[in-house]
Amino acid sequence: MAETYCGKSCIECAKKEILNCPGCKAGPGRRFSGDCRLAQCTREKGHEACETCGFRGECSNLKRREEMPDLRLRRRKEEQREKDANARKAPVLGRWLWILFWLIIPGAVGSILSQEFLVKLLPGAEMPGLIIKAICTLSYGAILLKVSEEEYRYRTAAICALIVGSYSVLSAVGFTWAGIFALPTAVVAVVGEYHEYMAHSAALSGVDNELAWKWERLWKWYIGLYLGLFGGIAVMLFTPVFGAIILIGCAIGTLVVSILKLIYLYRTAVIFRDWPAET
């Protein structure tokens with residue numbers, strides 16, 4: 001049986017010791033976890049080695065076989081740099097995202113207290129609700145601005161949260177023209193949600209790719225339900241019953257998305273809180 005798939009000699013490889021490589025078939029060419037494309041290609045085509053393959057003369061991977069150790073070494077260095085970067089940013093993200101997680105709860109309480117249906121039942125709840133909501137939103141923006149030092153994509157989300165928080169302050173103090181800014185502020189809030197979800201996803205890239213993907217998918221659900229609410233309002237102009245069904249469905253979906261956001265944020269904070277100091 002050939003020593004390697006591509007015909008190179010492991011003994012003559014100058015990078016063998018640097019890479020701490022156990023050899024082709026026990027290392028990069030191993031069946032399930034190896035990263036050598038030549039080895040994978042050889043097995044897929046049913047060959048023992050590249051020399052028995054009829055396409056070896058025009059195989060671009062085979063022609064670059066001498067570069068493979070250098071490419072593997074560069075990849076290893078890049079992975080180590082990524083690990084070092086994660087170890088550096090983990091304490092900051094773990095600490096502040098954990099606070100961000102707990103901040104959502106009083107913010108949600110403030111939003112509920114300031115809802116129109118509750119204000120009709122408890123008129124005195126509106127002002128405390130608006131104040132709590134404003135404080136929590138501004139604090140949320142300040143924390144996102146802090147973590148943007150480690151992941152720059154949080155910065156836009158922070159600015160949007162501060163704008164929304166400022167609008168909440170105007171509403172709380174009874175500013176006469178606050179209603180004019182309601183729609184633009186709603187748009188800013190949506191933009192902020194997008195950048196926050198994408199920032200969480202970027203921070204988790206290479207750390208927990210599955211959770212990073214879930215953040216991206218959650219955004220799609222968020223914007224879909226948000227547009228559904230507007231669509232439900234439009235439908236109500238023609239068929240009130242059907243429009244109401246759409247609005248109820250989207251409202252329930254929005255609640256589910258909010259719960260998932262809380263769960264994902266908790267998991268994200270815990271990942272960075274538990275990140276080892278040395279990797």
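A: This is a predicted model. Its mean pLDDT is 83, and 91% of the residues reach 70 or more. Helix H4 (residues 116–121) has the lowest mean pLDDT, 64. H7 has the highest, 91. Where pLDDT is low, the predicted coordinates should not be read in detail.

Now the helix pair. Two packed helices are described by the angle between their axes and the distance between the axes. Here the partners are H6, residues 154–172, and H7, residues 182–204. Their axes lie 7 Å apart and meet at an angle of about 150°. Angles over 145 degrees count as roughly antiparallel, so H6 and H7 are roughly antiparallel to each other. Their crossing is left-handed.

Which residues of H6 and H7 make the contact? H6 brings Tyr154, Thr156, Ala157, Cys160, Ile163, Val164 and Tyr167. From H7 come Ala182, Thr185, Val188, Ala189, Val191, Gly192, His195, Glu196, Ala199, His200 and Ala203. Sorted by type, the contact residues are 12 nonpolar, five polar and one charged.

One residue elsewhere gives a sense of distance. Leu19 sits in the segment before helix H1 (37–44). Leu19 and Ala172 are 153 residues apart in sequence. In space, their C-alpha atoms are 63 Å apart. Is Leu19 buried or exposed? Buried means under 20% relative accessible area. Leu19 has 6%, so Leu19 is buried. Leaving aside neighbours within four places in sequence, Leu19 is in contact with Pro69, Arg72, Leu73 and Arg76.

Methods. Residues are numbered from 1 along each chain as its sequence is written. This is a predicted model: local features need pLDDT of at least 70, side-chain atom pairs count only at pLDDT 80 or more; totals for chains, interfaces and linings use all residues. Side-chain values use heavy atoms; hydrogens and water are left out. Axes are lines fitted to C-alpha atoms, for helices over the stretch in contact, and angles run from 0 to 180 degrees between N-to-C directions. Helices (H or I, at least four residues) and strands (E, at least two) are DSSP runs, numbered from the N terminus. Angles under 35 degrees count as roughly parallel, over 145 as roughly antiparallel, 65 to 115 as roughly perpendicular and the rest as oblique. A crossing is left-handed if the near helix is turned anticlockwise from the far one by less than a right angle, and right-handed if clockwise. Contact means heavy atoms within 4.5 Å. Ala, Val, Leu, Ile, Met, Phe, Trp, Tyr, Cys and Pro count as nonpolar, Asp, Glu, Lys and Arg as charged, and the others, Gly among them, as polar. pLDDT is the predictor's confidence in each residue, from 0 to 100. Buried means under 20% relative accessible area, exposed over 50%, partly exposed in between (1.4 Å probe, protein chains only).
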